Amino acid sequence: MSALGAATARLRRPRPPRTLAPTRAVERLLAGNAWLVFAFLYLPIIALVVLSFNDNRLASVWGGASLRWYRELVSDAAVLSALRNSLIVAVASTVVATALGTAAAIALERFRWRGRRTFDGMLFLPVIIPDVTMAVMMLLFFVQVFRFAGNMLGITGAFGLTTIILSHVAFNISFVAIVVRARLAGMDHVLEEAAADLYASPWQSFRHVTLPLIAPGIAGGALLALTLSLDDVVITSFVAGPGSTTLPVYVFSLVRRGVTPLINAVSVLMLAGSMLLVIVSLSLQGRRTGGERRRDGQRSLPSA
Amino acid sequence: MRTSIRTAAAIAALTLTAAACGDDSSAGAPAADCVAGQTDGDLLLYNWNDYMDPDIIADFEAEFGVSVVEDFYPENEEMLARVVAGGAQYDVVVPSDYMIEIMREDDLLLPLTRSAIPNIANVDEDFTDPPYDPGLLFSVPFLWGTTGLGVNVELLGDVEPSWALVFDPEVAGQLPGRILLLDDARETMGAALRWLGFSPNSTDEAELQAAADVIEAAGEWTAAYNSDLYADLLISGEVVVALGYSGNFLDAFGDDERFAYVVPKEGATLWTDNLAILATAPHPCTAHTFLDFILRPEQGARLTNYIYYPSPNAFAAEFIDPEILEDPAVYPDAETLERLQFLQDTGETEILFTDLFTRARS
Amino acid sequence: MSTSTGLEQDAVRAEARRGLLIGLPAIATLTVLFAIPLIIVVAYSFGTRTRTGRTDFSTLDLSAYQRLADPLVLEIVSRSLGYALLTTVICLIVGYPFAYHLATRTPRVRAVLLVLVMLPFWSNFLVRTYAWRVLLGSDGPLVRLLGALGIDDVVLLFTPFAIVLGLVYGFLPFMVLPLYAAIERIDHTLIEAARDLHASGWGAFRAVTLPLSRSGVIAGSVLVFIPAFGAYVTPELLGGSRTTMLGSYVVRQFLSARDWPFGSALSVAILAVMLLATTAYFRTGGRSL
C-alpha cells in the first residue's frame with residue numbers, strides 16, 4: 001500500500017518546465033482575455049446586486065436604495081421554502097448524477113463491452129431532448145408508475161421532491177458523463193498499468209491512480225450538474241407536487257405580475273452563500289494539501 | 001441487446017395499456033357530497049403567484065383550522081398540461097375563463113355542490129351566466145379585468161383609445177420600435193381581429209389570415225412580443241404603447257400620471273379569473289369551503305384592493321377602496337362594458353391561431 | 001484453440017464484464033428514468049389531436065410527422081441552427097484561450113478561478129436575464145456608454161445581437177468546463193519537446209496542445225450547440241420573441257396549441273437528427289481538427 005502510494009506519487013504528472021510558458025506577449029493576451037471574460041460574466045451580477053437594493057416594486061425602474069426586499073425576504077415563507085427545496089434537489093441530484101455519470105464515463109471510455117454503442121447513444125438523448133418534451137414525458141411516466149404501483153402493489157405515490165430529484169438525475173448523468181469523458185479520452189493507460197504491475201488491485205489502482213487523474217473532470221461535471229439543477233424550471237415545474245416548488249419555478253410563476261427585486265435579493269443571498277461555502281472549502285482544502293503542494297513544487301507559470 | 005429490446009417493448013405495451021385504461025376513470029366526475037363549512041383535510045391550492053393577498057389565505061387557515069399548501073404556475077396552459085397528464089395533485093385551481101371551457105369539456109373539473117357554497121349568491125348577475133360556464137356549474141369568478149393598452153401619455157398626449165395605436169401605419173408606424181404586443185396568440189390575434197371589425201372568436205380562415213397580415217405588417221414597428229414585463233418596459237421608457245392586462249398596468253403605474261390605461265373603442269377582451277375544483281381533488285369539501293370563503297364580500301374586496309382588478313362580487317363594493325371604485329380604468333363605465341367580450345375556445349381553430357401568429361411574427 | 005487465445009478471450013470477457021458492471025448503475029437509471037419515458041413520447045407522436053386538445057390513440061398514423069415538412073418548420077429550424085452555430089463558435093473562440101489560461105495557473109488559483117466562473121450561475125437564471133435586460137435597455141449603461149463614445153441611437157435590446165449575447169453568456173461555462181478538463185490533462189513535457197523541435201510557440205500549440213485537447217473541444221461544442229439549438233427563454237426575453245426559435249415552437253405545441261402529437265413528432269425528429277449529427281461529429285470531427 002505505501003509502496004503503491006510512493007509509486008503513484010512519483011508517477012504523478014511531471015511538473016511542467018518553465019519553457020512551456022507562452023511568450024510574455026501571448027501570456028498577456030491570455031490574461032487580458034481572461035479579465036474580459038470575467039467582466040462579461042460578472043456584469044449582470046453587479047446589476048443584479050444593485051437592483052436588489054432598489055426600493056421600486058418594478059425591478060427595472062430605479063426607485064432609490066433600500067433594504068426593503070431583504071426585510072421582506074426574511075419573513076417570506078414561500079420564498080424560503082422554495083430556496084430550501086432548491087438546495088435539497090440540487091445537492092441530492094448532483095451527488096447521485098456525478099457518481100453515476102462518472103461510472104458511465106469510465107465504462108464507456110475504458111472498457112469494451114456489448115451494448116456499449118447503444119448506451120453511448122442513449123447517453124446523449126437527455127442532452128438533446130427539448131426541455132418541455134422531457135417535462136411532459138417525465139410527468140406522464142410518473143403518472144403511469146404511480147398508477148401501476150397503486151393498482152398492483154397498493155402503494156400510493158405522489159409528486160414531490162423525490163420525483164424532481166429523479167428527473168434531475170436523469171438529465172444530469174449525461175452532462176457529467178460528457179465532461180468526465182473529455183478528461184478520460186486519450187489519457188494513456190501507462191499509470192494504471194504501472195499500478196497493476198505493482199500488484200495494485202483494480203480498485204486500488206482506480207482509487208489511487210485513475211480517480212486523482214480524472215478529478216478535475218469530475219469536479220467540472222459536478223459543477224455543471226449543480227448549475228443545471230439550480231436553474232431548471234420547465235422539467236421541475238411539471239414533476240413537482242404540492243409544497244415542493246423550487247426557487248426557479250417560484251420565480252418563473254411571478255412573470256405575469258412582474259418580478260420584484262425580492263427575487264434579486266434571494267439571488268444575492270444565494271451568491272453570498274455559495275461564495276462563503278467556496279471560501280470555507282478552499283481554505284480547508286488548502287490546509288489539507290498544503291504539505292503536498294510544497295512537495296509538488298512550483299508547477300505554475302509566471303502569471304501576468 | 002436483443003433481450004433488452006424485448007423487455008423495452010413489453011414495458012411499452014404495458015405503459016400504453018395502463019394509459020388507455022386510466023383514461024376511463026376521469027369521465028364525468030360525480031359531484032362531491034359536502035355541506036357548507038365542511039373541511040376534509042388541508043387545502044392544496046394551485047394558484048397564480050402574487051395574486052391573492054396572503055392574509056386572505058392566512059385568515060382561511062385560522063378560521064377553519066386547516067393548512068393551505070400553495071404552489072404557483074405562470075400560465076394557464078402549463079396548469080392544463082399537468083392536469084391533463086394526471087400529475088396535478090391539487091384541490092383548487094385558478095383558471096381564466098377560456099380555460100374553464102377547455103377543462104369543463106374535458107371533464108377535468110368537479111361539478112360544484114351549490115349547497116356547500118351559499119355565497120355563490122353574491123356573484124354579480126353580469127357574471128352568473130358567462131359563455132364559458134353557463135350557470136356557474138363548475139367555477140366561481142373572483143376577479144375580472146380587461147386586456148387593453150398601456151400608453152405613455154406624457155409622450156403621446158391624449159390619444160384616442162383605439163387599436164390604431166398598435167396597428168395603424170399612420171399612428172403606430174410613427175413610433176418605430178416603441179410598440180409592444182402580448183406573446184399570446186389569442187389576445188394579439190384577437191386585437192387585430194377587432195381592429196379589422198371581426199369577432200375575436202372568429203373561426204373563419206380568411207378573417208384569421210387578414211388578422212395575421214395586420215400583425216405581420218405591424219412587425220415593422222413592434223419592439224417585442226412579451227407577456228410578462230410589458231408594464232416594466234412601458235415605465236422604463238423602452239416602449240410607449242403596450243398591450244396588456246388592466247390590473248398589472250394600474251398596479252405598476254401607481255400615482256404616476258405619465259401613464260394611462262385605455263380600453264380601445266373597437267372593443268377589448270373581458271376576462272375573469274375563477275376558482276374551480278379538480279375532478280381528482282383529494283379534499284373536495286375543504287375546496288368548497290374555500291370557494292365559499294373567497295365569495296364573502298369582505299374577501300372579494302380584499303382581493304381587489306390588493307391587485308386592482310375589479311370584483312365580480314355584487315356586495316364587495318362597500319369594502320373596496322373608494323379610490324379604486326371610482327377609477328374608470330379599473331371599473332370601466334357602462335358604455336365601455338358594452339364593448340367587452342370573452343375569448344372563447346375555438347376547438348381545432350386554436351392550432352390555426354397559434355400557427356398564423358407564429359408565421360406573422362417571423 | 002490455443003491456450004494463449006483462450007486466455008485472451010478470457011481477458012476480453014473479463015473486461016466486458018467489468019465494463020458492463022461499472023456502467024450498469026447508470027444504464028439502469030437511464031433506462032428506467034429516460035428510455036422508458038421516451039417510449040411514451042414516441043407513442044404520442046403517432047396519435048392525433050382531438051378537438052379538445054387531448055391525444056387520440058385509436059388511429060395511429062404519421063400525420064404529425066407529415067407536418068414536419070412545413071416550410072415554417074424548416075425556416076424555424078434553420079434560424080435556430082444559425083444562432084446555435086454562431087453561439088458555439090463565439091464560445092469556442094472566447095472559451096479556449098480562457099480555459100487555457102485557467103489550466104496553466106497554480107492548482108490553488110485554478111480552483112478559485114474555476115469556481116469564480118461558475119458562481120454567477122448559482123444565482124437565478126431569470127434574474128440574470130432580467131439583469132441583462134436592464135443593462136441592454138435603451139436607457140441602460142451600455143447604450144449610455146456607447147453614446148458617450150459618440151455612437152448614438154443604438155438599439156441593443158430585442159435584437160439578434162441581444163439573443164447571441166444571452167446565449168453566449170448562458171452557455172460559455174459549458175464550453176469552458178470540458179476544455180479546462182482536457183487542457184489541464186496535457187502532459188507538458190510534450191509541449192516542451194515540441195518547443196525544442198519547432199521553437200515556435202504557435203507551432204507547438206498546433207502540433208501538440210490543440211490535438212490533445214480535441215476531446216474537450218468536441219465535448220464543449222456539443223454541450224453548447226445542443227442546448228443553444230433548443231434554447232427559448234433567452235431568445236424570448238432578450239430577443240423580444242420577434243422571431244420564433246425551435247425551442248419555443250416545441251413549447252407552444254405542448255402548451256398553447258395543445259397539439260401533443262405534433263410536439264412529440266417534432267421532439268422525436270430533433271432527437272434523431274441531433275443524435276446522428278453528434279455521433280458523426282464525435283467520430284469524424286476529431287480528425288479534422
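Okay, let's start in chain B: strand β1 (residues 43-47) and strand β2 (residues 68-72) run parallel, joined by 5 bridges. Pairing here needs at least two DSSP bridges between the strands. Strands are DSSP runs of E, at least two residues, and helices are runs of H or I, at least four residues, numbered from the N terminus.

Quick housekeeping. This is a predicted model, where local features need pLDDT of at least 70 and side-chain atom pairs count only at pLDDT 80 or more, while totals for chains, interfaces and linings use all residues. Residues are numbered from 1 along each chain as its sequence is written, and chains are lettered from A and ligands numbered from 1 in the order in which they are written.

Back to those two strands. With helix α2 (residues 54-64) of chain B, β1(B) and β2(B) make a right-handed β-α-β unit; right-handed is when, with the strands pointing away from you, the path from the first strand over the helix to the second runs clockwise.

Now, the loop between β1 and α2 of chain B holds Asp50(B), and its phi is positive, near 55 degrees, though this is not a glycine. Most residues other than glycine have a negative phi. Is Asp50(B) buried or exposed? It counts as buried because it has 20 C-beta neighbours inside 10 Å. The cut-offs, with C-beta atoms placed from the backbone: 20 or more others within 10 Å is buried, 12 or fewer is exposed, and in between is partly exposed.

Asp107(B) also has a positive phi, about 60 degrees. That one sits in the loop between α4 (97-105) and β4 (139-152) of chain B, and with 14 C-beta neighbours inside 10 Å it counts as partly exposed.

On to chain A, which has 12 helices and 0 strands. Of its 304 residues, 47% are buried. Have a look at α9(A): a straight helix of 30 residues would span 44 Å at 1.5 Å a residue, but this one spans only 38 Å between its end C-alpha atoms. (The expected span is 1.5 Å times one less than the number of residues.) Where does α9(A) bend? At Ala215(A), by about 55 degrees, with Pro216(A) following within four residues. The bend is the angle between axes fitted to the seven residues ending there and the seven starting there.

Last, the partner: 94 residues of chain A are in contact with 88 residues of chain C, contact being C-beta atoms, placed from the backbone, within 7 Å. The largest share of chain A's side, 15 residues, comes from α2(A).

Conventions:
Two residues are in contact if their C-beta atoms, placed from the backbone, lie within 7 Å. The expected span of a helix is 1.5 Å times one less than its number of residues.
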